[in-house]
Structures are given as structure tokens and as C-alpha cells.
Amino acid sequence: MPAGTLYRGREGMWSWVAHRVTGVLIFFFLFVHVLDTALVRVSPETYDETVAIYKTPLVNLMEYGLVAAVLFHALNGLRVVAVDFWSKGAKYQKQMLWTVMGIWGVLMAGAFYPVLQHTLRSLFGS
Amino acid sequence: MSTETTEAGTDDARRYDVDNPAPLITAPRARTARTPKSTRTNFELYGWLFMRLSGIVLVVLVLGHLLIQLVLDGGVSKIGFAFVAGRWASPFWQVWDLLMLWLAMLHGANGLRTVINDYAERDGTRLWLKMLLYTATVFTVLLGTLVIFTFDPNIR
């Protein structure tokens, strides 16, 4: 470990890095998402044409990535709350991170088909 | 020298008694009439608390939103103007979306403010990045709120 650095690696630092990265990505998406939703005030056609972009294979895959980012940020955020407010939170922060990753893995596996079914159906028939 | 000072001090102390009290010396950090008004507030404390409270509420609001929009009932396939109109016909989902918009934007803006403060080292860079952030945040929150309140299913 280099001297005089706050970056100490392992579960604590990397979960913090991942929380920042996912947070910034989600915020940028939120900005775009409010703008695309605002098109319902223009016309139904304009809105539907724009939403069609969300149904293309690449963007559909990015939605799966969005779900991944949001799920991690949500679960790890609850872990941060536990670290701050639960008396034993700091002691069990590593165990809580691996619990978060376990739940995240299960939910991501469960979300794979529902989220990507539009693309899977269009690529591999009905 | 130190011996002289100590002796002088001891001599001084001996001169003070009930009739001749030692002069009162104000504590270094005591607030007096001449102390400048403090510019410190508890803003960062409330920001820290807001991130945790809004975060807990957003877990429910956002995961519910993702479940309805991207998981249930065919995933993204069903989304269109008609689907939006159907959902916003209910005040429950209007309030849900309005609360989610405000909390998520403020939560995200405060998060980005922290990130800018951490990594933008030059004063000017930090100022302009935050001005851009606040402008985009106010614009997005107002636009989203306007859209939810003025939505017209019979626009065509």
C-alpha cells in the first residue's frame, strides 16, 4: 500500500468506487429518461418513435446494465445505511457486501429473461 | 531565564486574593461581540441524512418502477404512449412518479456535488461544474413535474 493514501483497497474501497460509478451512471440516465418521457407532451407518435430506441437490441442490453447498476446501488446503499446506523455495521461490512453481491447475483439471473425477452424474441423467433 | 520567569509568576500569584482578584482573561474561542458571524451551518449533516433517508425510500420507488416497466408483462415491449396514459390515469402512480422524480434528482444531484467536490481541484472548475449541475437539475425537476401535472391522454 502506498504511504499517505486513503485508498486502502479490498471490499471497503471497491464497494465505495462501485457505488460512485453506478450512482453517476444512473444520474445521467435519469436526466435522459426525464427528457424522453417529456415527449408525451409533444405527441403520441413522437413518444412512441423515441421509445422504439429502447426496444433495439443494443439499448435493451443497456437496460439490463441499468438494472445491474440500480440493483447494486440500492443494495449497497442499504449496506451503507447499516454501516452508519447499526452499532455492529462497521464490524460486519465485509459480510454485508458479500450478502449484497449474493442477492444481486440472484436478482440479475432472475431479471435476465424478463428484461431481455424483447430482444431474445426478436432475434430467435417467438 | 526560565527560573526567573517561574519566580516572577509565583510572586504575581501571591499578590492576588479576594480583595485583589486576578484579571479575567477571555477564553481563546469564546464568542464575543467582536467575533465575526459564523458562516458554518449544518448543511452537510442534513445532506448526509437526506442521502440515507431518500435512499431507503428510493429503493422501494425505483425497484417498483423497474419491475413494472422492464420485468413484468412482457418487459420493455409494452411501453408506449397508451401504457403511460393508462398508468397516469391513476393519482397513485402520478404521486409515485412525482415523488420518485424529486427524490431521485435531489439524491443524484447531491451525489454528483460530492463527486465534483472530491475530484475537481481548481476553484473555477468546481464552480462551473456545480453551476452546470444545478442548472440541469432545476431544469429536469421542473420539466418532469410539469409533464406529470399537465399530461393529456387526448393530446391527439
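In this predicted model, the contact between the two chains draws 33 residues from chain A and 33 residues from chain B. On the side of chain A that touches chain B, the elements giving two or more residues are α1, α2 (44–51), α3 (57–85) and α4 (93–123) of chain A. Sorted by class, this side of chain A holds 20 nonpolar, seven polar and six charged residues.

Turning to chain B, its secondary structure is simple to read: there are five helices and zero strands, and the elements follow one another from the N terminus as α-α-α-α-α. The overall outline can be described with a few numbers. The C-alpha trace of chain B spans about 95 × 35 × 30 Å along its principal axes. Its radius of gyration is 30 Å, whereas a compact globule of 156 residues would have a value near 15 Å. Buried residues account for 13% of the 156 residues in chain B. Among contacts in chain B with a separation of 6 or more, 68% join residues 24 or more positions apart.

Helix α5 (residues 123–150) of chain B contains 28 residues. From its first C-alpha to its last, α5 of chain B reaches 40 Å, close to the 40 Å expected at 1.5 Å a residue. Within this helix, B:Thr140, B:Gly144 and B:Val147 are buried. And what do the buried residues of α5(B) pack against? Their partners come from both chains: α1 (10–37) of chain A together with α4 (91–119) of chain B.

Definitions and conventions. Residues numbered from 1 in each chain as written. Chains lettered and ligands numbered in written order. Predicted model: local features only at pLDDT ≥ 70, side-chain atom pairs only at ≥ 80, totals over all residues. Helix = DSSP H or I, 4+ residues; strand = E, 2+ residues; numbered from the N terminus. Expected span 1.5 Å × (residues − 1). Buried ≥ 20, exposed ≤ 12 C-beta atoms within 10 Å, placed from the backbone. Contact = placed C-beta atoms within 7 Å. Rg over C-alpha atoms; globule rule 2.2 N^0.38 Å. Nonpolar A, V, L, I, M, F, W, Y, C, P; charged D, E, K, R; others polar.
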